[in-house]
Amino acid sequence: MRLAFPQTVIKSVNSTRFHGSGYTSLAIIYTVFSASNILTPSIVAVLGARLSMVISGLVYRTLSKFITQIHDFAEEFTTTPLYLQESKHVIWTAQGTCLTTNSDENTIGRNSGIFWALLQFSLLFGNLYIYFAWKGETHISDHNRRTVYIALTAISGVGSVLFFLIKQPVSEVSSIEQDKSDDESDIILGPQEQRSQAIGAIRSAICIFFTKDMLLLCITIAYTGIELTFFSGVYGTCLGATNRFGNEAKSLVGLSGIFIGVGEILGGATFGLLNKFLSKYLGIGRNPVVLLGLLCHVIAFYLIFLNVPGDSPIVSDEGTDRVSYLIPSKIIAMVCSFLLGLGDSCFNTQLLSIVGYMYSEESAPAFAVFKFVQSISAAIAFGYSNYLLLKWQLLILGMTGFFGTISFILVEWKAEIHSRGFSYDRI
């Protein structure tokens, strides 16, 4: 269950001891998230994908319980992410590794789409609850906040246990069988081999990062981090701060998350389940999908610029009475939410596909690089979200989206050329 209103929640915390910013906390979270990439490939290489997901999920669930006590631990609110985000990043890298090792060049596109659609179902249920529970509320009470985060903690615990049921990647099964056939002297050298494997994973991540194609993809990945910041933190806050929406302003935060989730799921399912049909019969590869994502986002950014007050990202909990070029419309706001989700799924499913395709033999380091770039760009975006008006944030999004699309197209063209000539293990 995933929500998209951290700044709205923090602004509504009723405590004389706590004065914090959701944007600042999330900037810290994603900064640590990016720094944690140093250790993540080694952890996944040593523990394997499935065990890494289980352990990290349980750690994440335990630390998430702190959020329910936010009013009692003001200082720790910005330091807990230092411990929380390492486990979150291990989960993501392990999931990418599991996805890649259970796919081949013919199924990676389909599996990436299905994975993304299932992941985005988390946006529906939590935000559906928020929409009905917070409808008519002008201030989020401590009780409402605790109820949401206790539910999040419980669900994350169940999900962590369910990681045990995931099919073990073929590469890991082969590795286990090989270990069983080793003699006793080889077992003694196990820790040394694991240390060497861990160091090798870090070196591999550094080498992958500095390849020409990954550097080009980093522009696209950075855009996904910036737009992740916008739709998961900034846009919902803007809606909740727009007083022209009346008593439903806070509930629109949840409804916006639902429409974002619908767009994400529709995009993931379409480009996953219909991947073979689209590529074989219609000739639609990765590039048209990314171009569709850019089109969706450009339309959404323009409509948001017209519909949402410019100072809404940075106003206090009292909100803003200002109007942009249009009188704020709930319908336009929800259309924009849907377009943000659909566009995001276009970019992320194709990035997952091309990274898993290009670096199938080094999936853990490659996905660690992916999350490093995405997280550092998200951290920067959350940092400036405290200060920039909406129009400047939308301008940054539009520019990075354009250049990110161009860089992706260049890499994809090269991938198509190589795939026609020989096996594309790594460019």
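User: Among contacts in the chain between residues at least 6 apart in sequence, what percentage join residues at least 24 apart?
Analyst: This is a predicted model, in which local features need pLDDT of at least 70 and side-chain atom pairs count only at pLDDT 80 or more, while totals for chains, interfaces and linings use all residues. Residues are numbered from 1 along each chain as its sequence is written, and side-chain values use heavy atoms, with hydrogens and water left out. With contact meaning heavy atoms within 4.5 Å, and counting contacts between residues at least 6 apart in sequence, the share that joins residues at least 24 apart is 85%.

User: What percentage of the 427 residues of the chain count as buried?
Analyst: The chain has 18 helices and zero strands, where helices (H or I, at least four residues) and strands (E, at least two) are DSSP runs numbered from the N terminus. A residue is buried under 20% relative accessible area, exposed over 50%, and partly exposed in between (1.4 Å probe, protein chains only). Of the 427 residues of the chain, the part that counts as buried is 53%.

User: How many of the 29 residues of α12 are buried?
Analyst: One example is Glu227, which lies in α12 and is buried, with a relative accessible area of 2%. Helix α12 is mostly covered, and the number of its 29 residues that are buried is 24.

User: At what angle do α12 and helix α16 pack?
Analyst: Axes are lines fitted to C-alpha atoms, for helices over the stretch in contact, and angles run from 0 to 180 degrees between N-to-C directions. The axes of α12 and α16 (residues 330-358) are 11 Å apart, and the packing angle is about 155 degrees.

User: Why is α12 described as roughly antiparallel to α16?
Analyst: Angles under 35 degrees count as roughly parallel, over 145 as roughly antiparallel, 65 to 115 as roughly perpendicular and the rest as oblique. The contact includes Glu227 and Phe231 of α12, and Asp344 and Asn348 of α16. The pair is called roughly antiparallel because the angle between α12 and α16 is about 155 degrees.

User: Which residues is Glu227 in contact with, leaving aside its neighbours within four places in sequence?
Analyst: Glu227 lies in helix α12, and it is among the residues of α12 that make the contact with α16. Leaving aside neighbours within four places in sequence, the residues in contact with Glu227 are His297, Asp344, Asn348 and Leu397.

User: Is the crossing of α12 and α17 left-handed or right-handed?
Analyst: Helix α17, residues 363-385, is mostly covered, with 19 of its 23 residues buried. The axes of α12 and α17 come within 7 Å and cross at roughly 45 degrees, and the two helices are therefore oblique to each other. A crossing is left-handed if the near helix is turned anticlockwise from the far one by less than a right angle, and right-handed if clockwise. The passage of α12 past α16 is left-handed, whereas the crossing of α12 and α17 is right-handed.

User: Which residues does Tyr131 touch, not counting residues up to four places away in sequence?
Analyst: Tyr131 is found in helix α7, residues 122-133, and is buried, with a relative accessible area of 16%. The C-alpha atoms of Tyr131 and Gly257 are separated by 9.1 Å, although the two residues are 126 residues apart along the chain. Not counting residues up to four places away in sequence, Tyr131 touches Ser251, Gly254, Leu255 and Ile258.

User: What distance separates the C-alpha atoms of Gly109 and Thr349?
Analyst: Gly109 has its place in helix α6 and is buried, with a relative accessible area of 11%. Along the chain Gly109 and Thr349 are 240 residues apart, while the separation of their C-alpha atoms is 7.6 Å.
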